[in-house]
Amino acid sequence: MGTTLVDIKTTVKWGYMWADAAQLVGYYVFSAMVGEPWPIDRLAIYRSRYGRIEYVECDEVRGSSDLLGFAEQLMDRIASSLQDSLKRQKDSFGKRMASDAVAAHERRRALLLENARKHLV
């Protein structure tokens, strides 16, 4: 909504959930990594069951967290997962597909992290 990235939750549980906040910050980091096609100034979690919305300013998140370090760790985990997938493939088609995914990830890694540096620091 505008410059606010909103995650809608329909859970029965009320109150702060660390996983919900982490997921929303992850969306924000992914957006920055792909070049942020629109500016994001705030993050929000809307709890539809209760009609409640909670906001946090992105400046506050960037100031309190190492989002660039998080982006780097995220890229490393994706690379590791792709490598594991490549090792599990048994036929040549699966190996080729997994190998292509690993190569594509390595090609895009530098660009994604450069975008993250521009938008998260």
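A salt bridge is taken here as a side-chain nitrogen of Lys or Arg within 4 Å of a carboxyl oxygen of Asp or Glu, and a search of the whole structure finds eight of them. The structure is a predicted model, in which local features need pLDDT of at least 70 and side-chain atom pairs count only at pLDDT 80 or more, while totals for chains, interfaces and linings use all residues. Residues are numbered from 1 along each chain as its sequence is written, and side-chain values use heavy atoms, with hydrogens and water left out.

**View 1. Asp-20 and its salt bridge to Lys-9.** Asp-20 belongs to helix 1, residues 18–33, where helices (H or I, at least four residues) and strands (E, at least two) are DSSP runs numbered from the N terminus. The side chains of Asp-20 and Lys-9 form a salt bridge at 4.0 Å, N to O; since Lys-9 lies in strand 1 (residues 4–9) and Asp-20 in helix 1, the pair ties together parts that are 11 residues apart in sequence. Asp-20 is buried, with a relative accessible area of 13%, and Lys-9 is likewise buried, at 14%; buried means under 20% relative accessible area, exposed over 50%, and partly exposed in between, with a 1.4 Å probe and protein chains only. The side chain of Asp-20 also makes a polar contact with that of Arg-47 at 3.3 Å, a polar contact being a pair of N or O atoms within 3.5 Å, of which, within protein, one must be able to donate a hydrogen and the other to accept it, and residues adjacent in sequence count only if both atoms are side-chain atoms. When neighbours within four places in sequence are left aside, Asp-20 is in contact (heavy atoms within 4.5 Å) with Lys-9, Ile-45 and Arg-47.

**View 2. The salt-bridge network and the pair Glu-54 and Arg-52.** Asp-7, Lys-9, Asp-20, Arg-47, Arg-52 and Glu-54 are linked in a network of salt bridges. Within this group, the side chains of Glu-54 and Arg-52 meet at 3.8 Å, N to O. Glu-54 is partly exposed, with a relative accessible area of 26%, and Arg-52, at 41% relative accessibility, also counts as partly exposed.

View 3. The side chains of Arg-117 and Glu-114 meet in a salt bridge at 3.8 Å, N to O, and both residues lie in helix 4 (residues 92–120), three residues apart, about one turn of the helix. Arg-117 counts as partly exposed at 36% relative accessibility, and Glu-114 is partly exposed with a relative accessible area of 37%.

**View 4. The packing of helix 1 against helix 3.** Helix 1 and helix 3 (residues 67–88) pack at an angle of about 85°, with their axes 10 Å apart; axes are lines fitted to C-alpha atoms, for helices over the stretch in contact, and angles run from 0 to 180 degrees between N-to-C directions. The two helices are therefore roughly perpendicular to each other, the class that covers 65 to 115 degrees. Val-25, Gly-26, Tyr-28, Val-29, Phe-30 and Met-33 in helix 1 meet Leu-67, Phe-70, Ala-71, Leu-74 and Met-75 in helix 3.

**View 5. Thr-4 in strand 1.** Thr-4, which has its place in strand 1, is buried, with a relative accessible area of 9%. The side chain of Thr-4 makes a polar contact with the side chain of Arg-42 at 3.2 Å.

Methods. Parallel < 35°, antiparallel > 145°, perpendicular 65-115°, else oblique.
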